Amino acid sequence: QQFMRKDYLRYALGLLALLLSWGLYLSYLWSKMLFWTRDGLTSGWIGIWADWSVHFSYAGVFAYRPITDWFTVHPLYYARKFTYPFVADMISGILIRLGADQVTAFIIPSIITTLFLLIALYILYIFILKSGWQALTALTLFFAGGGMGFYWFVQDFLKEPSWKTIIFPPKEYTHISENYIEWINVFSGQLVPQRALLLGMPIMLVMLTILLRWMQRHFRDVSNVRLVLLGVFSSFMLVIHIHSYIVFTIFCMVFFARALRNWKQWILFAISAAVPSILIYQWFYGGEITSSFFKWYPGWLANARSKNINYVYFWWINWGVFLPFSLWAIWRTKYYKHTFIIGGLVIFLLGNLLLFQPYDWDNSKVLSWSYLVLSIPAAAYLAKLWKKNIAIKIMAALLFISMTASGFLDLWRLTQTGKLSNIMWSNADIALAEEFRGISKATDRV
């Protein structure tokens, strides 16, 4: 018991360090993402300006329409169902309905959900790695991932060796299309603009952790009621975030294949998830999706129909040292035996063979789960290297820097709101919208 108390103390200190570092920093970044200026509602990042214009429309459904008309028609498309995972925008819409302004209604839930994500990911990493500091390392590898873009930063710095280049990096170094770098840092490219993913990821992490714990105990003392409840709850991922639902399904298939001795529990869980999933799908999406989203697309963006470049080179510049190092780490740490790691590798394979959405870049929402999984063996092996002599310690530090430099550059760039901001709606636009809202009903078609 004394040993366990010491472990929990270390885990608690690691969580405190997480919240004081990543928690405060990402919360600070969120405060820079959307704000009022004297000119109107302003975005601090192009991803907000592009994606959140749609999310404001979705949130408006829940803010202004009668409850009976929330799902009767799509806010953007004439005579269509509201076919979008709506939960994240419903939360913001209800806050606006209760009197919050747009910034409060969108930024406060984003900060809370980000902290939820950090805690959920830390708990999962702790469960597998059994080390608070390794969990922090894995989490940092995930949030600061970004590939070989820092090489182009060095080139830019050598062209203009000044503090200006460091204080405001001249470009996104995890997104340089002319050099075929398309991954984009997971926070700036996915979690900031894509509100459904930000909510879906921590919920899915909690469900995966629960399943892994149950599997570890071979479902001993897990009642059928708990299995059914988790199965039913997982079906709601269809209206929270569809990509997370797809990834969760893949993980569950791998888990089932690895725990066939508990097939009765898995069948009960699958049925309890499948029945409400079918009902939800038919209600929200039935009749609207007339063609399959899935497409054979080997090589992902390296495919001939996309970038048409060498597959190995594509992954080298987009994930850099991280991919070969994490694969080597799986071998050295024997994590190839771990069910969760196998699931991450299966997702990486499928993400490189199939398209899960019509827009090919969107496969990154699936592949980001592979990055999250592979961060585990990478962190574990870095910890092993750190225990060796000084030369190996230096090598481990250089490896860590090379795997996070591009991501940190882009995360630092996000703080430079003054140089990246764009007006979403001017004061005149907002006044016009309020005037029109006063002379029309929320269900009118214009």
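**Notes on helix packing and aromatic pairs**

1. Start with α4 (residues 102-129) and α17: their axes come within 11 Å and cross at roughly 50 degrees. That angle makes α4 oblique to α17, and the crossing is right-handed. Keep in mind as you go through these points that the model is predicted.

2. What meets what here? On the α4 side you'll find Leu121, Leu124, Tyr125, Ile128 and Leu129, and on the α17 side Leu372, Ser375, Ile376 and Ala380. Sorted by class, this contact of α4 with α17 has eight nonpolar residues, one polar and no charged.

3. Helix α17 (residues 364-386) also packs with α12 (residues 242-258), where the axes come within 9 Å and again cross at roughly 50 degrees. So α12 is oblique to α17. The handedness of this crossing is right-handed.

4. The residues involved are His243, Ser244, Val247 and Phe251 from α12, which meet Lys365, Val366, Trp369 and Val373 from α17.

5. Now for α5 (residues 132-143) and α18 (residues 390-413): the axes sit 8 Å apart, and the helices pack at an angle of about 55 degrees. Therefore α5 and α18 are oblique to each other. In α5, Thr137, Thr140, Leu141 and Phe143 make the contact, meeting Phe400, Met403, Thr404, Phe408 and Leu411 in α18. That contact of α5 with α18 divides into six nonpolar, three polar and no charged residues.

6. On to the rings. How many aromatic pairs does a search of the whole structure find? The count is 46. Take Trp266 and Phe269: the ring centres are 5.9 Å apart and the planes lie at 85 degrees, so the pair is edge-to-face; the cut-off for that label is over 60 degrees.

7. Are Trp266 and Phe269 buried or exposed? Both are buried. Trp266 and Phe269 belong to helix α13 (residues 263-284), and because they are three residues apart there, about one helical turn separates them.

8. Trp266 and Phe269 are also part of a cluster linked by ring pairs, together with Trp214, Phe219, Phe248, Phe251, Phe255, Phe340 and Trp369.

Methods
Residues numbered from 1 in each chain as written. Predicted model: local features only at pLDDT ≥ 70, side-chain atom pairs only at ≥ 80, totals over all residues. Heavy atoms only, no water. Axes fitted to C-alpha atoms, helices over the stretch in contact; angles between N-to-C directions. Helix = DSSP H or I, 4+ residues; strand = E, 2+ residues; numbered from the N terminus. Parallel < 35°, antiparallel > 145°, perpendicular 65-115°, else oblique. Left-handed = near helix turned anticlockwise from the far one by under 90°. Contact = heavy atoms within 4.5 Å. Nonpolar A, V, L, I, M, F, W, Y, C, P; charged D, E, K, R; others polar. Phe/Tyr/Trp six-rings, centres within 6.5 Å; stacked < 30°, edge-to-face > 60°. Buried < 20%, exposed > 50% of the residue type's maximum accessible area, 1.4 Å probe, protein only.
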